[in-house]
Amino acid sequence: MKLELGKIKINDIKFADKTEVKDHVLYVNKEEVEKLVLEDDKLIGCHLEIAHPGESTRITPVKDVIEPRVKVSGGEIFPGVIGKVTPPVGTGRTHALDGMTVVTVGRIVGFQEGVIDMSGVAADYCPFSKTVNLCVVIEPAEGLETHVYEKAGRMAGLKVAAYLGETARNLEPDTLETYETKPIFEQAAEYPDLPKVGYIHMLQSQGLLHDTYYYGVDAKNFVPTFMYPTEIMDGAIVSGNCVAPCDKVTTYHHFHNPVIEDCYKHHGKDINFMGVILTNENVFLADKERHSDMVAKLAEYMGLDGVLITEEGYGNPDTDLMMNCKKVEQKGIKVVLITDEFPGKDGKSQSLADTCDEATALASCGQGNMTLQFPAMDKVIGTQDYIESQIGGWAGCVNPDGSFEAEIQIIIASTIANGFNKLAARGY
Amino acid sequence: MAKYKIVHYLNQFFAGIGGEEMADYKPELREGVVGPGGALAAALGPDYEIVATVICGDNYFGENLDEATDTIIEMVKKYEPDVFVAGPAFNAGRYGVACGTICKAVEERLGIPVLTAEYEENPGTDMFKKDVIIVKTGNSSADMKNAIPTMAKLIKKMATGEEILGPAVEGYHERGIRVNYFAEKRGSERGLEMLIKKMKGEPFETDLPMPKFDRVAPADPIKDIKHATIAVVTSGGVVPQGNPDHIESSNATKFGEYSIAGKDSMSPDEFTTIHGGYDRQFVMANPNLVVPLDVLRELEKAGEFGKLYDSFFTTTGTGTATGSAAKFGDAIGKKLKEDGVDGVILVST
């Protein structure tokens, strides 16, 4: 399966009468987008705002972050959710608006939605402090049940991203990247002397605000399966969750999965990248046992020599991480884990909720309990009303001027446990 | 006059008072430098002055822990030092434990930066490296010449407030404190490079050696359940409406105790949950799902067990540091034991 990914660099977003891209600027017809969002009668309000890197702007509570993309070779983006699932996903040509995102913002569903600061000290920890963000601020209908509200917010973001992606359909991309993974026997034969490497991708699937969708299927309802890595670049996986904001894998991050990108960079040089094993993080022990057994079985079946495993969330999913690690290693396959740490504010407690002897190699994505002083901002997109109860905040952490102290786990994707960032933790 | 004041702690041996036969020596305060303090003062230079030295016998300290600590704290306090230094203790076990104990106490009670120095196998190193910066030394005083300059460098940093770097750079025992930094490469790339080495059988270094967990053995079964008092403790974040004690929705720093006396059920009008790690909807509608008061009252009335304890204890389990959880557990356990509770139903979520 081969995918061409064309990227159109976007330097700015402006409101205009017509939605289009001209000279690396995305022009957006505000009314059209708001109308699109309000097609859903669960939402009674919608307005758009633009946030630029370096501005004194805070965005919160953030639900999801999405990059606009379009299938230009037939097929549709976000298959099974927005688009159709055929023709095949992850093949042909896809265009992306690079350097910008759609950010969905609105009253919290749980405590798990986070903060994006466009400048100041917290901006160093957030990937979306460096992109131009079109913020879709939504207002739910009165008394909306939380599960319904979560879905309405999720769909609003995906719809807007797909709508904006259309602007890239007939553009000439600034860069064109090609990714290819062959059917398993051909792929193994292509680089017979290189170690065969797979990626075990654990999707968050613990329940409300902790769900992920694969072709529209709720990840807690599937058993582990194989996936061509390029499928993810067409939106085969969308985020339906806000776990702790710091390790939320946004839909943007699924498009830009760093393990897949880096494995392709090394593909044919020092590894033979064989593909992805997709699994979940269900809360029932029977599921954990069955699915970790299956993950190990699939890794063996693919003839892998080594795997990277990433998780989403912390605490409960650490058990899935360790069960996967142990069982895959017991098949004689080398494992490296990538995850973040939660050792308490003083950094002195254990970083993980579970361990195993086989977990000898781990790449840290930083620890989420360190605290920062968040400065007051000139502008808040959304509301700061919930900071004290959002994950990472605490009662009394907000000052009257709007500045506050909080753990970095309140920042969207600050310690994302798939290795997207350079943040890491070490022993002192 | 020197800019910075230091108080130094030594045992009877290094103070030149005597060996094992003098190990019962009571705390004594001397103005100025004693024994290895001379070399330390020389290494620190003219901006620093060791204003006093506290001497205590190792056995006396070990056998009169609280009293010795209190006495020494009082001695240190009046000098208002900028840094408190103990040792180096090398591989002297009782001395090492004393250095760690007194350093930890001085830092906690007086808020003064502290430093000691010990050999890696000194029991004091394992006991106190999390709490106190302990400079690495060899296993005997022959290593004094190496230990002193390292200590002096760190004392200067502590006195001036200069940033203390990692253990490998500064020469102290790793404390097991996890500190963030921005690496040169992102996590996925570092992980892949580690995997390539691991597959080749080459040496690699993990970012996180697996922690050792504190496993608690289950208690013996209750002998007489018909007369037993049972309590409910939960990490499910169930609290009275309004969360009066402001328990956090993640990484809790406190727990609450709330009365259920005279109640037959957990009413959703009275209780909610503030847990940030699970789907709260069902528990907000029916808090009995986490604090099963309704069923427990039925069983209590049917005589299935003796009595339900009058309150429940609660905190948020998600993201809560194991250090905090251990403190909560000790405090809750102590209270329940004092109140004669025989068994606890621990509800996780």
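## Paired strands in chain A

In this predicted model, strand S1 (residues 2-9) of chain A runs parallel to strand S8 (residues 92-98) of chain A, and seven bridges pair the two; strands here are DSSP runs (E, at least two residues), helices are DSSP runs of H or I with at least four residues, both are numbered from the N terminus, and two strands count as paired if DSSP finds at least two bridges between them. Within this pairing, Lys7(A) stands opposite Ala96(A) in S8(A). S8(A) is also joined to strand S7 (residues 69-71) of chain A, in the antiparallel sense and by three bridges, and here Lys71(A) stands opposite Thr94(A).

Residues are numbered from 1 along each chain as its sequence is written, and chains are lettered from A and ligands numbered from 1 in the order in which they are written. Because the model is predicted, local features need pLDDT of at least 70 and side-chain atom pairs count only at pLDDT 80 or more, while totals for chains, interfaces and linings use all residues, and side-chain values use heavy atoms, with hydrogens and water left out.

## Backbone details

The loop between S7 and S8 of chain A contains Pro87(A), and the peptide bond leading from Thr86(A) to Pro87(A) is cis, with omega near 0°. In chain B, a cis peptide bond with omega of about 10° joins Gly87(B) and Pro88(B), and Pro88(B) belongs to strand S4 (residues 83-90) of chain B. Strand S4 of chain B also holds Phe90(B), a residue whose phi is positive, about 50°, although it is not a glycine.

Over all chains, a search of the whole structure finds 47 salt bridges, a salt bridge being a side-chain nitrogen of Lys or Arg within 4 Å of a carboxyl oxygen of Asp or Glu. One of them links Arg154(A) with Glu150(A), whose closest N and O atoms are 3.0 Å apart. Because Arg154(A) and Glu150(A) are four residues apart in helix H2 (residues 146-165) of chain A, about one helical turn separates them.

## Where chain B meets chain A

The interface brings 59 residues of chain B into contact with 77 residues of chain A, where contact means heavy atoms within 4.5 Å. The area buried between the two chains is about 5500 Å², and carbon and sulfur atoms give 57% of it; buried area is the accessible area (1.4 Å probe) that two parts lose on being put together, summed over both. In chain B, the residues that lose the most area to chain A are Arg178(B), Asn180(B) and Arg186(B), which together account for 14% of what that side buries.

Five salt bridges are found across this interface, including the one between Glu261(A) and Arg186(B), in which the closest N and O atoms are 3.0 Å apart. On the side of chain B that touches chain A, the elements giving two or more residues are strand S7 (178-182), helix H8 (187-200) and helix H11 (322-338) of chain B, and H8(B) gives the most, with eleven residues.

## A strand pair across the interface

Strand S25 (residues 423-427) of chain A and S7(B) are paired antiparallel over five bridges, and Arg426(A) has Val179(B) as its bridge partner in S7(B).
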